[in-house]
Amino acid sequence: MLQVENLNAWYGRSHILQGIGFTVGQGEAVCLIGRNGAGKTTTLRTVMGLVARRTGAVRFKGEDIIGAPTHRRLGMGLAYVPEDRRIVRGLTVLENLRLGLVASPNRHKEAAVIDRIAETFPRLRERLHQAGDTLSGGEQQMLAIARALAADPEMIMLDEPSEGIMPVLVDEMFELFARLKREGLTILIVEQNVERALQLADRAYIVDQGEIVHSGLAADLMANPEIQEKYCAI
Ligand code: ATP
């Protein structure tokens, strides 16, 4: 579903991604792991078209999208939940969800989509008319995920979804990801909670200094403490 080849990206003069390449198959869950500053967030942002200076190939469903604007990638079915969540201030939960819905092929069936989302996220259903930025950190993360799902994506990219969230909500969130995967959603996840990420994922790539330095089955990586220690210490 997603093929990334020889991806390079720069912030100003800093050459951050140095030839990253990986694939995510349809229905697969893949995780990117690596130390702080390794380039994981930059990878997701570049795949989504949010880093201005980039070279290489990003193919989504067979089409090279390296030059496509972000909204077009979203419209093709590629959704992104950024690390900082980007809940829009001054908009209610419902209005934030509508922002995701705009990219959905089902946007004309708003009531049905919102019902489905509300069923998946009961905490949000109770707060549809509350200002999004007054939600707790965990609820805001749920809203960011719900907004991405409102676009009815075929693939979702999640950046550190468990960061700063209390354990009970993290459990809930990973149960949801496992369910979405069973339902056929393709997932690319960056997560510092390596154990949880590897439990969810089929395969994993280790990123170090803007390159992929190791890849394999999640189960094999889970059984390889040396690699984890070498590249995943935070
Ligand atoms: P973390 O877990 O800390 O988010 P990461 O693997 O996601 O780590 P990135 O956020 O991709 O790493 O950062 C990679 C490098 O790019 C770091 O050296 C960082 O300082 C730098 N960087 C990130 N964003 C910018 C920016 N907007 N301008 C300049 N440099 C940046």
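Is Arg-85 buried or exposed in this structure? At 15% relative accessibility, Arg-85 counts as buried, where buried means under 20% relative accessible area, exposed over 50%, and partly exposed in between, with a 1.4 Å probe and protein chains only.

Some housekeeping. This is a predicted model, in which local features need pLDDT of at least 70 and side-chain atom pairs count only at pLDDT 80 or more, while totals for chains, interfaces and linings use all residues. Residues are numbered from 1 along each chain as its sequence is written, and side-chain values use heavy atoms, with hydrogens and water left out.

Back to Arg-85. It sits in the loop between strand E6 (78–81) and helix H3 (93–101); helices (H or I, at least four residues) and strands (E, at least two) are DSSP runs, numbered from the N terminus. Not counting residues up to four places away in sequence, Arg-85 touches Gly-137, Gln-140, Gln-141, Ala-144, Arg-147, Glu-163 and Ile-165, with contact meaning heavy atoms within 4.5 Å. Its C-alpha is 9.2 Å from that of Met-142, a residue 57 places away in sequence.

Outside four places in sequence, the contacts of Arg-203 include Val-24, Glu-28, Cys-31 and Leu-217.

Now the nonpolar cores, each a set of buried Ala, Val, Leu, Ile, Met, Phe, Trp, Tyr and Cys residues joined through side-chain atoms within 4.5 Å. The largest has 50 residues, and Phe-121, Ile-145, Ile-156 and Phe-177 have the most contacts inside it. A second, separate core of 30 residues includes Ile-20, Val-24, Val-51 and Leu-78. Beyond four places in sequence, Phe-177 is in contact with Ile-145, Leu-158, Pro-161, Ile-187, Ile-189 and Leu-200.

Last, the ligand. Among the residues surrounding it are Tyr-11, Arg-35, Lys-40, Glu-83 and Glu-160; the criterion is a heavy atom within 4 Å. Helix H1 (residues 40–47) gives the largest share of this shell, three residues. For Ala-38, a polar backbone atom is 3.1 Å from a ligand oxygen. How much of the ligand does the protein bury? Taken alone the ligand exposes 630 Å², and the protein buries 59% of that.

Technical notes: A polar contact is a pair of N or O atoms within 3.5 Å; within protein, one must be able to donate a hydrogen and the other to accept it, and residues adjacent in sequence count only if both atoms are side-chain atoms. Accessible areas come from the Shrake-Rupley method with a 1.4 Å probe; for residues, only the protein chains shown count as cover.
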